[in-house]
Every structure is written in structure tokens, then in C-alpha cells.
Amino acid sequence: MHARTKVSLLVALAVAIGGHSLARSQQDQNPYRLKEPNQQKLCLDCHADFEQTLQKRFVHTAVKDGQCSSCHNPHVASHGKLLSAEAGQMCESCHGSVVPGNAMSAHKIVADGQCSTCHDPHASDNPGILLARGNDLCLGCHADLGKAVAEARFKHHPVEQGCTTCHSPHASEQSVGLLKSAVPALCVSCHKPDTATFAARHMKYPVASASCTSCHDPHGSSQSALMLDNVHAPVATRMCAQCHEPPGSPTPFATRRVGYELCQGCHDDMVRTTLAQPRLHWPVVGADGCASCHNPHASKQANLLKTDTVALCRECHADTSRRIEGTAVKHAPVADGMCSACHSPHGASGVYLMDQPNIQLCGTCHDYQLHSSHPIGETAIDPRNANLHVDCLSCHNGHGTDAKYMLLAPTNVELCTPCHSKISR
């Protein structure tokens, strides 16, 4: 082939490729082949009120660039507001890195893809297109914490600076609770444990490696030194060595005795009474003893419980908690998180750690004779098992069921015929 002809063919091929690339680029920029390539202008023709949104101080980049179709399908969609996908998925396609793969904790609303709980997807007058500024945004959901902070006599300065001083709003690779780093590393970034004052206030124990939140409330407290609301007497009187080895020992945080024996020194009556019970709650005699449920230093909860009763019991009785959460009709004490209304948390004379037979226990709140004349008690033998007598739990579940009155079956036929077979069809 003549050289001039080859050159002509190459030029023509290059022009063709260039033209195709240009067309492809234009298609990428205008995937719906809109008559008006400027999507923002086209959309505003109908959504004129959106013009005010564009005047806000912080505008989502995609909105600013007029890429409405990067999130919305202009024709039809299976998701609300003509979104091309679920809102969370839409955000993740560009902002997936806000939750690292190795995150130790993630904000639940972020994990659930509810980004619009905090962010306006279009524009806002707040940085990060947030719906509100600073703590006002966080306390919109964490109202109980906000109330506690407001009522606290002593404020923690970082809280006043903003929640994000200590917490990462999306996720944390370093710690639980969305903390930017784990305790005590987070605390000692401000508090200097190598000072004489710090050492004296902590009775010279090397607490720089301890859990600060076992004594202090990082959000605020009405107790001095931001101590938790309820302080164990030896801690309040700075008698740490009453329970721990001396501060200068090789193991200063080791306790002088293990398990319940450590507590028995002061709570002898309680321990003796508990150990005399026919049935013990196993944590009492476990390796951690009383510390299985109680914080030996301080707590927000009464009786120095580690957390509220429901959460504490759920740690071991998760299956029971799940069943209760799924029932439609809950026993009032259960719904109110008062497990100890029926169960003795240390030990008891009866099964299920109940101190009384269920007929007597239930009778403390319910007058049996007012609602039924069905025979119960020791003279009423259960036809299903001659070793048992009929009691409240023969027909009711003490926690709750899906049937009215917490009955074990939804209809009288299903409930009664297992015992009264003569009336069954």
C-alpha cells in the first residue's frame, strides 16, 4: 500500500476513535440523553423552590455540579424520591470509607444506612451538610444523655467543646463506643498522670493504665472529680488498699482476696445469708464473684450495678431477653425491667431463684380468687404430670406470651383440653 494511503487510513481511524470517545464521554455525562445537558437547569424548571436550597452555605458536591441523576432516576424508580437505590446504598457508593472494614464500633444509624438522620443530602448551612450544629445534632437522639449533662453540677470540658472531641461520628477503628481511641489512652491525652497532683489524688496507684470510666463519668457529674453518682465507700474514703495490694507492689491492682471472699470482709451478713440459700445464682460463686454484676468502684446505678437491670441480666440470659422482646403481652415487671421483682439475684429457696412458690409470689400482686375459681395448690394434681400440682405457671408464662393474660395458648380449647381431655373433640 502506498505510504500516503496508509497515512490517510490512520488519520481516518484516529478521527473515528476520537469521535467515538467523545460520544462516549458525552453519554457518560448525560446518561439519560436529556435535551438539556445541564441537569440542574432542567430540574429547576419544575423544582423552582429548590433554588433556595442551592443558596445554602454548604452544598453537596453532586448537587453543586448539577448531577441530579447521580442519585435520582428522572424516569422511574423502585425507591422513594425517585432514588436509584436505597438512600444508604446511594451514599455508600461515594462515601463507603466512612466505616472502615476493621471498625471496632460503628454508629447504628450509619450501619443502618440512615445517613439523612444527620445529613441533608442536598445542602445545609452547617458544615458537613449536617442538619444541626455541634452537640444539638447528637442530643436530638441522645436526649437522656443531654439531660444528664445539663443537670450535672460539674461539666467535662470536652463535652462542652463538642461530642466529636472524643467520639468519631461514623465509626471507630480504635475503640468501642465510637471513641477516637481507647480508654485510658484517650483520657491521658489531656490528663497528665505523671504529675504529683494526679498521683496524690489516685493514692499513688498507677491508674494511667487502668479504666478511668470505672470511677469517673466522662460526660459530667454532680460528684466532685466527675465521679460516678454512686461511689463504693472504700473508694470515696480513698482506702484503695483495703481491697487492692499496695500501690508500690508488683501487682498493685490485684485484690487481696478473690471472688466473693473479698467482699465478705465488709458484707459478711449478705454473703453468709446468700451462701445459706439452697439455690445460688452462679455468678456469686464464680471467679469474679460479686464483681460479675457490681462495679466495685462506682456506678451510675443503684447498688453499684454495672448497668441497668435489663441490660445486666441480658448479658447472660440473652435467649430469654429475645423471647420477651418478641412477645406481644409482657408481664408488667418484665416490661419495666424489674427482674428482681420476682427473682432473687443472689440466691433463693425455690427454683428460678424465686423465694416463694409461684402461687404465693404471684399473690403478692394478684388476688387469684378475683379472676378464677380453678383449683390450684398442693391438692390440685396436674393431670399431665402426677408429680406436679397446678399453679399459676400451669396456664400462664411469668414473662409473657402472645396470648391475652399471658396464657400459654391463644384459645381456651388449646389451653384447657390437654388436662380436660373429656371435653376435647
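Select Leu44 to begin: beyond its neighbours up to four places away in sequence, Leu44 touches Phe50, Glu51 and Leu54. Touching, or contact, here means heavy atoms within 4.5 Å. Before you move on, note that this is a predicted model, in which local features need pLDDT of at least 70, side-chain atom pairs count only at pLDDT 80 or more, and totals for chains, interfaces and linings use all residues. Residues are numbered from 1 along each chain as its sequence is written, and side-chain values use heavy atoms, with hydrogens and water left out.

Buried stands for under 20% relative accessible area, exposed for over 50%, and partly exposed for what lies in between (1.4 Å probe, protein chains only).

Now pick Thr53, which belongs to helix α3 (residues 50–54). Helices (H or I, at least four residues) and strands (E, at least two) are DSSP runs, numbered from the N terminus. Is Thr53 buried or exposed? Thr53 counts as buried because its relative accessibility is 17%.

Next, select residues 318–325, helix α16, and colour Thr320, Ser321 and Ile324, which are buried. Why do they share a side of α16? They cover an arc of only 100° around the axis, so they sit on the same side of the helix; the arc is that of the directions from the helix axis to the C-beta atoms. Turn to the other side of α16 and you will find Arg322 and Arg323 exposed. To see what covers the buried residues, show α15 (309–314), β10 (329–330) and α17 (332–335), which are among the covering elements.

**Salt bridges**

Side chains of opposite charge can pair when their charged atoms come close. The rule for a salt bridge is a side-chain nitrogen of Lys or Arg within 4 Å of a carboxyl oxygen of Asp or Glu, and the count by this rule is 6.

- Asp112 and Lys108: their side chains meet in a salt bridge at 2.6 Å, N to O. Asp112 is partly exposed at 42% relative accessibility, while Lys108 is exposed at 59%.
- Arg384 and Asp382: the closest N and O atoms of this salt bridge are 2.9 Å apart. Arg384 is partly exposed at 45%, whereas Asp382 is buried at 5%.
- Lys300 and Asp217: the N to O distance in this salt bridge is 3.5 Å. Lys300 is in the loop between β9 and α15 and Asp217 in the loop between α11 (196–201) and β6 (220–221), so the pair ties together parts that are 83 residues apart in sequence. Lys300 is partly exposed at 45%, and Asp217 is buried at 7%.

**The loop between β8 and β9**

Go to the loop between β8 (279–280) and β9 (298–299) and select Val285. Val285 is partly exposed, at 44% relative accessible area.

Which residues does Cys290 contact, leaving aside neighbours within four places in sequence? They are Tyr260 and Cys263.

**Backbone stops**

Select Val183 and Pro184, which are joined by a cis peptide bond with omega about 15°. Pro184 is in the loop between β5 (171–172) and α10 (185–188).

Then look at Lys204, in the loop between α11 and β6. Lys204 is not a glycine, yet has a positive phi of about 65°. Finish at Tyr405, between β12 (400–401) and α20 (412–416) in a loop, where phi is near 60°, again positive in a residue other than glycine.
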